[in-house]
Amino acid sequence: MKKIQILTLLIVIFVSFSCKNDTESVKKVTKVASETEQKLENFGIVIHGGAGTILKKNMSDSLEAAYKSKLEEAIKVGHNILKNGGTAMEAVTKTINIMEDSPLFNAGKGAVFTHEETNELDASVMDGATLNAGAVSGVTQIKNPIDLALEVMNNSPHVMLSGKGAEVFAKEKGFELVDPSYFYTEKRFKSLQRIKDREKAELDHDGTTAFIDPFIKDSKFGTVGCAALDKNGNLAAGTSTGGMTNKRWNRIGDAPIIGAGTYANNATCAVSSTGWGEYFIRAMVAHDISALMEYKGLSLQEAAKEVIQEKVPALGGDGGIVSIDKDGNVAMEFNTAGMYRAHMNAEGELVIGIYKE
Ligand code: ASP
(Lines give C-alpha, C1' and ligand atoms only; values in the text may rest on other atoms or scores of the structure.)
Protein backbone atom coordinates (compact mmCIF):
# COMPACT_ATOMS: atom_id res chain seq x y z
CA MET A 1 0.00 0.00 0.00
CA LYS A 2 2.75 2.36 0.96
CA LYS A 3 4.63 1.48 -2.21
CA ILE A 4 1.56 2.26 -4.32
CA GLN A 5 1.11 5.60 -2.57
CA ILE A 6 4.71 6.55 -3.26
CA LEU A 7 4.38 5.49 -6.88
CA THR A 8 1.18 7.54 -7.30
CA LEU A 9 2.86 10.53 -5.76
CA LEU A 10 5.80 10.17 -8.12
CA ILE A 11 3.45 9.94 -11.12
CA VAL A 12 1.51 13.02 -9.97
CA ILE A 13 4.75 15.00 -9.55
CA PHE A 14 6.01 13.85 -12.97
CA VAL A 15 2.74 14.65 -14.76
CA SER A 16 2.33 18.05 -13.15
CA PHE A 17 6.00 18.87 -13.89
CA SER A 18 5.68 17.96 -17.57
CA CYS A 19 2.38 19.85 -17.77
CA LYS A 20 4.06 22.92 -16.34
CA ASN A 21 6.82 22.60 -18.88
CA ASP A 22 4.24 22.24 -21.61
CA THR A 23 2.38 25.35 -20.49
CA GLU A 24 5.65 27.23 -20.38
CA SER A 25 6.71 26.11 -23.81
CA VAL A 26 3.26 26.96 -25.17
CA LYS A 27 3.61 30.40 -23.55
CA LYS A 28 7.08 30.72 -25.05
CA VAL A 29 5.93 29.78 -28.56
CA THR A 30 2.99 32.19 -28.30
CA LYS A 31 5.33 34.96 -27.17
CA VAL A 32 7.78 34.35 -30.02
CA ALA A 33 4.89 34.20 -32.49
CA SER A 34 3.38 37.46 -31.30
CA GLU A 35 6.79 39.12 -31.30
CA THR A 36 7.35 37.99 -34.89
CA GLU A 37 3.88 39.18 -35.78
CA GLN A 38 4.60 42.51 -34.14
CA LYS A 39 7.93 42.73 -35.94
CA LEU A 40 6.30 41.91 -39.26
CA GLU A 41 3.59 44.49 -38.62
CA ASN A 42 6.14 47.18 -37.88
CA PHE A 43 6.40 49.73 -40.66
CA GLY A 44 6.59 53.48 -41.07
CA ILE A 45 7.15 56.35 -43.43
CA VAL A 46 8.62 59.84 -43.17
CA ILE A 47 8.75 62.65 -45.74
CA HIS A 48 10.12 66.15 -46.25
CA GLY A 49 9.19 68.94 -48.63
CA GLY A 50 12.37 70.93 -48.13
CA ALA A 51 14.13 72.86 -45.38
CA GLY A 52 15.02 76.54 -45.25
CA THR A 53 14.00 79.96 -44.00
CA ILE A 54 10.42 78.95 -43.44
CA LEU A 55 8.99 81.36 -40.87
CA LYS A 56 5.47 81.53 -39.54
CA LYS A 57 5.45 85.30 -39.94
CA ASN A 58 6.00 84.93 -43.71
CA MET A 59 3.33 82.30 -44.18
CA SER A 60 -0.36 82.94 -44.78
CA ASP A 61 -2.85 80.62 -43.11
CA SER A 62 -4.09 79.38 -46.45
CA LEU A 63 -0.58 78.56 -47.72
CA GLU A 64 0.24 76.78 -44.48
CA ALA A 65 -2.96 74.75 -44.82
CA ALA A 66 -2.12 73.94 -48.45
CA TYR A 67 1.33 72.61 -47.48
CA LYS A 68 -0.08 70.57 -44.63
CA SER A 69 -2.81 69.02 -46.71
CA LYS A 70 -0.39 68.10 -49.54
CA LEU A 71 2.04 66.55 -47.06
CA GLU A 72 -0.84 64.58 -45.56
CA GLU A 73 -2.11 63.46 -48.96
CA ALA A 74 1.38 62.33 -50.00
CA ILE A 75 2.27 60.44 -46.84
CA LYS A 76 -1.08 58.67 -46.74
CA VAL A 77 -0.44 57.27 -50.23
CA GLY A 78 2.81 55.69 -49.04
CA HIS A 79 1.34 54.59 -45.73
CA ASN A 80 -1.49 52.77 -47.48
CA ILE A 81 0.96 50.94 -49.72
CA LEU A 82 2.93 49.81 -46.67
CA LYS A 83 -0.20 48.88 -44.72
CA ASN A 84 -1.30 46.65 -47.59
CA GLY A 85 2.04 44.87 -47.65
CA GLY A 86 3.66 46.88 -50.47
CA THR A 87 7.39 47.48 -50.64
CA ALA A 88 9.23 50.40 -49.08
CA MET A 89 10.46 51.39 -52.55
CA GLU A 90 6.94 51.51 -53.96
CA ALA A 91 5.80 53.63 -51.02
CA VAL A 92 8.76 56.01 -51.46
CA THR A 93 8.32 56.58 -55.19
CA LYS A 94 4.51 56.89 -55.14
CA THR A 95 4.66 59.33 -52.22
CA ILE A 96 7.28 61.43 -53.99
CA ASN A 97 5.14 61.45 -57.17
CA ILE A 98 2.41 63.34 -55.29
CA MET A 99 4.87 66.04 -54.23
CA GLU A 100 6.54 66.17 -57.66
CA ASP A 101 3.12 66.87 -59.20
CA SER A 102 2.41 69.71 -56.78
CA PRO A 103 3.68 73.22 -57.60
CA LEU A 104 4.19 73.81 -53.87
CA PHE A 105 7.50 71.97 -53.89
CA ASN A 106 10.78 72.38 -55.72
CA ALA A 107 10.55 69.08 -57.58
CA GLY A 108 8.81 68.12 -60.82
CA LYS A 109 6.12 70.78 -61.42
CA GLY A 110 7.24 73.80 -59.40
CA ALA A 111 10.98 73.16 -59.80
CA VAL A 112 13.19 76.23 -59.44
CA PHE A 113 14.75 77.97 -62.43
CA THR A 114 18.37 77.90 -63.54
CA HIS A 115 20.25 81.10 -64.44
CA GLU A 116 19.35 80.39 -68.09
CA GLU A 117 15.65 80.29 -67.12
CA THR A 118 15.29 76.55 -67.65
CA ASN A 119 14.45 73.76 -65.18
CA GLU A 120 16.96 70.97 -64.59
CA LEU A 121 15.82 68.16 -62.36
CA ASP A 122 17.71 65.63 -60.24
CA ALA A 123 16.48 62.53 -58.38
CA SER A 124 17.69 59.33 -56.78
CA VAL A 125 16.46 56.18 -55.04
CA MET A 126 18.16 53.51 -52.95
CA ASP A 127 17.01 50.07 -51.85
CA GLY A 128 18.26 49.10 -48.39
CA ALA A 129 17.85 45.35 -48.96
CA THR A 130 20.18 45.11 -51.96
CA LEU A 131 22.10 48.41 -51.67
CA ASN A 132 21.04 48.91 -55.26
CA ALA A 133 20.53 52.52 -56.37
CA GLY A 134 19.47 54.66 -59.32
CA ALA A 135 19.75 58.36 -60.11
CA VAL A 136 19.23 60.97 -62.81
CA SER A 137 20.59 64.49 -62.99
CA GLY A 138 19.97 67.53 -65.14
CA VAL A 139 16.89 66.17 -66.91
CA THR A 140 14.57 68.74 -68.48
CA GLN A 141 11.67 66.72 -69.89
CA ILE A 142 10.88 64.07 -67.30
CA LYS A 143 7.62 64.74 -65.47
CA ASN A 144 8.48 62.49 -62.52
CA PRO A 145 12.26 62.18 -62.23
CA ILE A 146 11.97 59.76 -59.29
CA ASP A 147 10.36 57.20 -61.65
CA LEU A 148 13.29 57.51 -64.03
CA ALA A 149 15.77 57.07 -61.15
CA LEU A 150 13.92 53.85 -60.27
CA GLU A 151 14.06 52.74 -63.91
CA VAL A 152 17.84 53.34 -63.96
CA MET A 153 18.14 51.18 -60.85
CA ASN A 154 15.91 48.39 -62.10
CA ASN A 155 16.58 48.31 -65.82
CA SER A 156 20.05 49.62 -66.60
CA PRO A 157 23.54 48.47 -65.71
CA HIS A 158 24.26 51.94 -64.28
CA VAL A 159 23.59 53.96 -61.16
CA MET A 160 23.41 57.50 -62.55
CA LEU A 161 22.44 58.91 -65.95
CA SER A 162 22.48 62.59 -66.81
CA GLY A 163 21.01 65.18 -69.19
CA LYS A 164 20.10 64.24 -72.75
CA GLY A 165 21.41 60.68 -72.37
CA ALA A 166 19.06 60.07 -69.46
CA GLU A 167 16.20 61.27 -71.65
CA VAL A 168 17.19 58.97 -74.53
CA PHE A 169 17.14 56.12 -71.99
CA ALA A 170 13.74 57.30 -70.74
CA LYS A 171 12.31 57.29 -74.25
CA GLU A 172 13.65 53.82 -74.91
CA LYS A 173 11.96 52.62 -71.75
CA GLY A 174 8.62 54.09 -72.83
CA PHE A 175 8.61 57.23 -70.69
CA GLU A 176 6.61 60.10 -72.08
CA LEU A 177 8.75 63.25 -72.42
CA VAL A 178 6.98 66.48 -71.48
CA ASP A 179 7.61 69.90 -72.96
CA PRO A 180 9.99 71.84 -70.65
CA SER A 181 7.28 74.51 -70.27
CA TYR A 182 5.37 71.98 -68.11
CA PHE A 183 7.66 72.90 -65.20
CA TYR A 184 6.99 76.64 -65.37
CA THR A 185 5.38 78.31 -62.37
CA GLU A 186 5.15 82.05 -61.96
CA LYS A 187 6.26 81.92 -58.34
CA ARG A 188 9.55 80.19 -59.15
CA PHE A 189 10.16 82.39 -62.19
CA LYS A 190 9.71 85.51 -60.06
CA SER A 191 12.14 84.12 -57.46
CA LEU A 192 14.75 83.79 -60.17
CA GLN A 193 14.15 87.38 -61.32
CA ARG A 194 14.48 88.65 -57.75
CA ILE A 195 17.75 86.80 -57.26
CA LYS A 196 19.07 88.08 -60.59
CA ASP A 197 18.16 91.66 -59.63
CA ARG A 198 19.99 91.33 -56.34
CA GLU A 199 22.94 89.77 -58.08
CA LYS A 200 23.03 92.66 -60.52
CA ALA A 201 22.82 95.19 -57.70
CA GLU A 202 25.77 93.49 -56.00
CA LEU A 203 27.74 93.53 -59.24
CA ASP A 204 27.02 97.22 -59.78
CA HIS A 205 27.95 97.91 -56.21
CA ASP A 206 31.37 96.35 -55.76
CA GLY A 207 32.09 94.40 -58.92
CA THR A 208 31.86 90.97 -57.31
CA THR A 209 29.23 88.41 -58.01
CA ALA A 210 27.36 87.09 -55.02
CA PHE A 211 25.89 84.05 -56.72
CA ILE A 212 26.01 81.97 -53.64
CA ASP A 213 25.97 83.10 -50.09
CA PRO A 214 23.32 85.68 -49.17
CA PHE A 215 20.77 84.39 -51.65
CA ILE A 216 21.13 80.76 -50.82
CA LYS A 217 21.22 81.39 -47.09
CA ASP A 218 17.93 83.23 -47.48
CA SER A 219 16.19 80.80 -49.73
CA LYS A 220 13.76 78.03 -49.06
CA PHE A 221 15.02 74.83 -50.59
CA GLY A 222 11.84 72.84 -51.27
CA THR A 223 13.30 69.55 -52.42
CA VAL A 224 11.12 66.52 -51.64
CA GLY A 225 12.13 63.20 -50.12
CA CYS A 226 10.86 60.09 -48.44
CA ALA A 227 12.20 57.19 -46.37
CA ALA A 228 10.20 54.08 -45.54
CA LEU A 229 10.31 50.76 -43.69
CA ASP A 230 8.03 48.00 -44.98
CA LYS A 231 6.49 45.02 -43.20
CA ASN A 232 9.30 42.77 -44.44
CA GLY A 233 11.90 44.90 -42.69
CA ASN A 234 13.17 46.47 -45.90
CA LEU A 235 14.18 50.12 -46.03
CA ALA A 236 14.18 52.49 -49.01
CA ALA A 237 14.79 56.19 -49.60
CA GLY A 238 14.32 58.66 -52.45
CA THR A 239 14.87 62.35 -53.17
CA SER A 240 13.71 64.59 -56.03
CA THR A 241 14.54 68.24 -56.73
CA GLY A 242 14.86 71.12 -59.12
CA GLY A 243 18.11 72.05 -57.35
CA MET A 244 18.84 75.64 -56.41
CA THR A 245 17.45 78.81 -57.95
CA ASN A 246 19.90 80.55 -60.33
CA LYS A 247 22.18 77.53 -60.62
CA ARG A 248 24.52 77.59 -63.63
CA TRP A 249 26.87 75.45 -65.61
CA ASN A 250 24.77 72.29 -65.22
CA ARG A 251 25.34 72.44 -61.48
CA ILE A 252 24.34 69.21 -59.73
CA GLY A 253 23.49 69.16 -56.02
CA ASP A 254 23.31 66.40 -53.45
CA ALA A 255 19.86 65.05 -54.30
CA PRO A 256 20.98 62.59 -57.01
CA ILE A 257 24.23 61.69 -55.23
CA ILE A 258 23.95 58.35 -53.43
CA GLY A 259 25.35 58.79 -49.94
CA ALA A 260 24.77 62.56 -49.92
CA GLY A 261 21.09 63.16 -50.77
CA THR A 262 19.84 59.59 -50.46
CA TYR A 263 20.99 56.45 -48.69
CA ALA A 264 19.34 53.23 -47.48
CA ASN A 265 20.77 50.16 -45.81
CA ASN A 266 18.69 47.48 -44.08
CA ALA A 267 21.42 47.17 -41.44
CA THR A 268 20.92 50.78 -40.32
CA CYS A 269 18.49 53.30 -41.78
CA ALA A 270 17.08 55.08 -44.85
CA VAL A 271 17.76 58.82 -45.29
CA SER A 272 16.66 61.64 -47.60
CA SER A 273 18.33 65.06 -47.41
CA THR A 274 17.36 68.63 -48.19
CA GLY A 275 19.57 71.66 -47.93
CA TRP A 276 22.52 73.41 -49.40
CA GLY A 277 23.68 70.63 -51.68
CA GLU A 278 27.34 71.54 -51.95
CA TYR A 279 27.76 71.01 -48.20
CA PHE A 280 25.65 67.88 -48.16
CA ILE A 281 27.91 66.38 -50.82
CA ARG A 282 31.07 67.31 -48.92
CA ALA A 283 29.68 65.92 -45.67
CA MET A 284 28.21 62.81 -47.37
CA VAL A 285 25.27 63.45 -45.08
CA ALA A 286 22.98 60.49 -45.75
CA HIS A 287 25.73 57.88 -45.66
CA ASP A 288 27.42 59.48 -42.68
CA ILE A 289 24.27 59.04 -40.59
CA SER A 290 24.16 55.36 -41.53
CA ALA A 291 27.90 54.97 -40.88
CA LEU A 292 27.67 56.54 -37.41
CA MET A 293 25.02 53.97 -36.55
CA GLU A 294 26.93 51.08 -38.07
CA TYR A 295 30.46 51.83 -36.90
CA LYS A 296 29.93 53.91 -33.78
CA GLY A 297 26.75 52.26 -32.53
CA LEU A 298 24.83 55.54 -32.31
CA SER A 299 21.03 55.57 -32.37
CA LEU A 300 19.39 57.12 -35.44
CA GLN A 301 18.51 60.27 -33.51
CA GLU A 302 22.05 60.66 -32.15
CA ALA A 303 23.59 60.12 -35.57
CA ALA A 304 21.21 62.55 -37.30
CA LYS A 305 21.87 65.18 -34.65
CA GLU A 306 25.64 64.86 -34.92
CA VAL A 307 25.60 65.27 -38.70
CA ILE A 308 22.94 67.97 -39.02
CA GLN A 309 23.64 70.02 -35.88
CA GLU A 310 27.44 69.63 -35.75
CA LYS A 311 29.13 68.48 -38.93
CA VAL A 312 27.17 70.36 -41.63
CA PRO A 313 27.11 73.72 -39.79
CA ALA A 314 30.83 73.35 -39.01
CA LEU A 315 31.43 73.43 -42.77
CA GLY A 316 29.07 76.41 -43.18
CA GLY A 317 26.10 74.57 -44.66
CA ASP A 318 22.48 74.21 -43.63
CA GLY A 319 19.49 71.97 -44.22
CA GLY A 320 17.94 68.83 -42.82
CA ILE A 321 17.08 65.16 -43.24
CA VAL A 322 14.27 62.72 -42.69
CA SER A 323 15.13 59.16 -41.80
CA ILE A 324 13.70 55.89 -40.52
CA ASP A 325 15.71 53.04 -39.06
CA LYS A 326 15.31 49.28 -39.27
CA ASP A 327 13.16 49.28 -36.09
CA GLY A 328 10.87 52.05 -37.27
CA ASN A 329 12.42 54.88 -35.24
CA VAL A 330 12.24 58.19 -37.05
CA ALA A 331 14.44 61.30 -37.17
CA MET A 332 13.39 64.63 -38.70
CA GLU A 333 16.42 66.80 -37.98
CA PHE A 334 17.14 70.26 -39.42
CA ASN A 335 19.26 73.29 -38.58
CA THR A 336 17.21 75.80 -40.57
CA ALA A 337 14.19 77.82 -39.39
CA GLY A 338 11.86 75.18 -40.73
CA MET A 339 11.39 72.00 -42.71
CA TYR A 340 8.16 70.75 -44.27
CA ARG A 341 7.85 67.27 -42.83
CA ALA A 342 5.50 64.44 -41.88
CA HIS A 343 5.69 61.01 -40.31
CA MET A 344 3.25 58.11 -39.99
CA ASN A 345 3.80 54.93 -37.98
CA ALA A 346 2.25 51.48 -38.20
CA GLU A 347 -0.64 52.56 -35.93
CA GLY A 348 -1.50 55.29 -38.42
CA GLU A 349 -0.49 58.14 -36.09
CA LEU A 350 0.33 61.19 -38.18
CA VAL A 351 2.75 63.97 -37.25
CA ILE A 352 3.05 67.03 -39.52
CA GLY A 353 5.47 69.91 -38.93
CA ILE A 354 6.70 73.02 -40.67
CA TYR A 355 8.53 75.22 -38.16
CA LYS A 356 10.80 74.45 -35.24
CA GLU A 357 8.58 73.19 -32.45
N1 ASP B 1 19.60 69.92 -51.81
C2 ASP B 1 19.10 70.52 -53.01
C3 ASP B 1 20.24 70.92 -53.89
O4 ASP B 1 21.24 71.39 -53.40
C5 ASP B 1 18.27 71.71 -52.73
C6 ASP B 1 17.16 71.47 -51.77
O7 ASP B 1 17.28 70.71 -50.83
O8 ASP B 1 16.09 72.08 -51.95
O9 ASP B 1 20.12 70.83 -55.08
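Visitor: Is the crossing of H9 and H10 left-handed or right-handed?
Guide: In this predicted model, local features need pLDDT of at least 70, side-chain atom pairs 80 or more, while totals for chains, interfaces and linings use all residues. Residues count from 1 along each chain as its sequence is written, and side-chain values use heavy atoms, without hydrogens or water. With the near helix turned clockwise from the far one by less than a right angle, H9 and H10 cross in a way that is right-handed.

Visitor: At roughly what angle do the axes of H9 and H10 cross?
Guide: Helix H9 covers residues 285-296 and helix H10 residues 300-315 (DSSP runs of H or I, at least four residues). Their axes, lines fitted to C-alpha atoms over the stretch in contact, come within 9 Å. The angle, on a scale from 0 to 180 degrees between N-to-C directions, is roughly 130°.

Visitor: How much of the ligand does the protein bury?
Guide: Ligand oxygen atoms lie 2.5 Å from a polar side-chain atom of Thr-223 and 3.0 Å from a backbone N or O atom of Gly-277, both polar contacts (N or O pairs within 3.5 Å). Alone, the ligand exposes 270 Å² (Shrake-Rupley, 1.4 Å probe). Of that, the protein buries 100%.

Key:
A polar contact is a pair of N or O atoms within 3.5 Å; within protein, one must be able to donate a hydrogen and the other to accept it, and residues adjacent in sequence count only if both atoms are side-chain atoms. Helices (H or I, at least four residues) and strands (E, at least two) are DSSP runs, numbered from the N terminus.
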